[in-house]
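Try each task before reading its solution.

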Amino acid sequence: MAEFQADGWDMMQSAARQARQAGSVIGGAMVATALLLPVGAHAQAQNGLSNLFGGIFSGQNPAPAQPAPGAPTGAPPWSGEDGASGHPLMTAAAIREAAGNFNNCVAAMWPDAARRNITQENFQRFTAGLSPDLRIMDLMDSQPEFTKSIWAYLDILVNDNRLATGREVLAKYKAQFDATEKATGVDRYIIASIWGIESNYSTQMGDRSVLQSTATLACIGRRQAYFKDEFLSALEILNRGDLRPEQLRGSWAGAFGPTQFMPTAFKRFAVDGDGDGRRDVVDNPTDLIASTANNLKKDGWQAGQTWGFEVVVPQGFNYMLADRAKAMPIAQWEKLGLKRATNQPFPHPAEKAYLLAPAGAQGPGFLMLQNYRVIMKYNPAEAYALAIGHFADRLRGGQPFVQPWPRQERELSRTERLELQQLLAQRGFYKGTPDGQFGGQTREALRHFQASIGVPADGFASSDVLDRLRGR
């Protein structure tokens with residue numbers, strides 16, 4: 001799970017699990033904040049496919065990596081500056097003060113650990129030598145000046161090399177996918193897609209100590225209560241013996257393993273798929289596949305159903321209807337002129353769906369079903385969920401999207417995004433606090449502004465819309 005909610009394309013940033021941590025489960029398509037990623041500071045471990053088809057899932061225990069007491073080798077130090085969020089706990093002074101009290105903060109969590117049946121011996125063993133990784137404070141509050149467009153994001157994640165590896169993974173672990181699909185009803189291609197996009201099939205899982213990262217965030221910064229639960233849950237995982245400390249390495253936000261579980265998500269969803277007494281979602285393919293499927297099933301996955309359909313939206317369409325809260329039967333969308341981009345009929349016209357137009361009237365539309373909402377629970381970022389669904393379709397032999405993206409459009413800089421929100425606020429359309437991050441509230445304000453000037457109210461933040469707000 002990513003680390004913080006991400007309601008719009010840009011927020012997919014702060015590391016992709018950002019999106020996830022905010023409430024959902026697992027941790028992130030490691031691509032990079034500037035890419036709209038999921039959590040963490042994105043994996044830097046480039047181990048190559050030898051990890052995938054070599055020791056990582058060979059049934060042998062890999063040589064234990066030495067957990068670094070500090071940040072990953074070569075990682076830049078903390079900037080020593082106030083966080084961009086402006087939160088009082090993210091000022092440089094507050095960070096230094098909390099860091100000075102780090103050991104006391106960790107020690108003070110012993111009573112909570114004891115209530116979770118963690119032994120005192122294990123608490124002392126696993127917390128010995130922990131020190132704060134203050135570089136995480138910069139990563140938590142990062143606000144990239146530029147972000148990737150949805151089409152650039154898809155280009156990066158859904159590519160021929162990753163698809164080829166995904167097909168090899170599906171063949172290599174066919175028995176595990178067969179058993180899991182039969183037991184849970186969760187589509188194997190979705191599981192393989194999450195694996196591929198979250199960690200590029202185990203080659204980019206992150207190299208920070210999960211204990212150190214979550215302990216740092218539990219004692220320093222603006223989300224201490226949230227990360228205290230994650231830290232104590234990580235201790236529970238080690239106390240139970242499901243994983244070893246050297247296996248608990250991942251993103252700066254604490255997501256770990258090929259499909260990036262947060263510690264609390266591991267507790268809720270991890271299963272012992274092969275009956276060996278351990279839930280090893282890092283080095284055991286059976287447990288990994290079964291646990292990822294269990295996560296989706298418990299979040300409401302509908303067996304035998306797809307995630308959605310690419311659709312052609314007619315000219316003159318009322319894009320005020322393109323809203324997650326405005327689901328209606330597919331048959332009703334058809335009456336409004338929407339049709340599948342492939343010209344095939346919809347298999348179940350009575351199913352309810354909502355319309356997503358990620359590039360506005362200039363790009364393709366998508367009717368999203370229940371399973372898309374389930375993917376959004378895994379990581380609540382639309383770009384991520386669309387990439388997962390599309391990658392899964394490609395793995396099963398489907399074709400690229402039919403309609404073109406508006407590749408001529410450039411992404412607005414953070415300064416321009418902030419200006420756009422300020423101009424919308426001045427005109428009475430935007431009620432929030434301008435922050436340069438686009439979510440549902442910004443899109444809604446944009447739609448109303450566009451409707452007021454007689455252009456398609458699609459909520460797409462183009463440079464043309466910004467110029468119109470400027471009065472040009």
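**Exercise 1: the surface**

What does the accessible surface of the chain come to, and what percentage of it belongs to carbon and sulfur atoms?

*Solution.* Bear in mind that this is a predicted model. The accessible surface is about 18,400 Å². Carbon and sulfur atoms account for 49% of that area. The chain has 21 helices and seven strands. Of the contacts between residues at least 6 apart in sequence, 69% join residues at least 24 apart.

**Exercise 2: the disulfide**

Find the cysteines that form a disulfide, and describe the link.

*Solution.* Start with the count, which comes to one disulfide. Next, identify the partners: Cys105 and Cys219, with sulfur atoms 2.0 Å apart. Then place them in the chain: Cys105 belongs to helix H4 (residues 102-107) and Cys219 to helix H12 (residues 210-219). The two are 114 residues apart, and the pair links distant parts of the chain. For the handedness, take the angle about the S-S bond, which is -90°, giving a left-handed link. Finally, check the burial: both Cys105 and Cys219 are buried.

**Exercise 3: aromatic rings**

Classify the pairs Phe317 with Tyr319 and Phe401 with Trp405.

*Solution.* A pair of aromatic rings is described by the distance of the centres and the angle of the planes. The chain has 15 aromatic pairs. For Phe317 and Tyr319, the centres are 5.5 Å apart and the planes make an angle of 85°. An angle over 60 degrees counts as edge-to-face, and that is the class of this pair. Phe317 and Tyr319 are both buried. Now turn to Phe401 and Trp405, with 6.4 Å centre to centre and 75° between the planes: this pair is edge-to-face. Phe401 and Trp405 are buried.

**Exercise 4: an asparagine**

Is Asn371 buried or exposed, and which residues does Asn371 touch?

*Solution.* First locate Asn371 in helix H17 (residues 370-378). Asn371 counts as buried because its relative accessibility is 0%, and buried means under 20%. Leaving aside residues up to four places away in sequence, Asn371 touches Gly300, Trp301, Gln302, Gln305, Thr306 and Trp307. For Gln305 there is a further detail: its backbone oxygen lies 3.1 Å from a polar side-chain atom of Asn371.

Key:
Residues are numbered from 1 along each chain as its sequence is written. This is a predicted model: local features need pLDDT of at least 70, side-chain atom pairs count only at pLDDT 80 or more; totals for chains, interfaces and linings use all residues. Side-chain values use heavy atoms; hydrogens and water are left out. Helices (H or I, at least four residues) and strands (E, at least two) are DSSP runs, numbered from the N terminus. Contact means heavy atoms within 4.5 Å. Accessible areas come from the Shrake-Rupley method with a 1.4 Å probe; for residues, only the protein chains shown count as cover. Rings of Phe, Tyr and Trp (its six-membered ring) pair if their centres lie within 6.5 Å; planes under 30 degrees apart count as stacked, over 60 as edge-to-face and the rest as tilted. Buried means under 20% relative accessible area, exposed over 50%, partly exposed in between (1.4 Å probe, protein chains only). A polar contact is a pair of N or O atoms within 3.5 Å; within protein, one must be able to donate a hydrogen and the other to accept it, and residues adjacent in sequence count only if both atoms are side-chain atoms. A disulfide is a pair of cysteine sulfur atoms within 2.5 Å.
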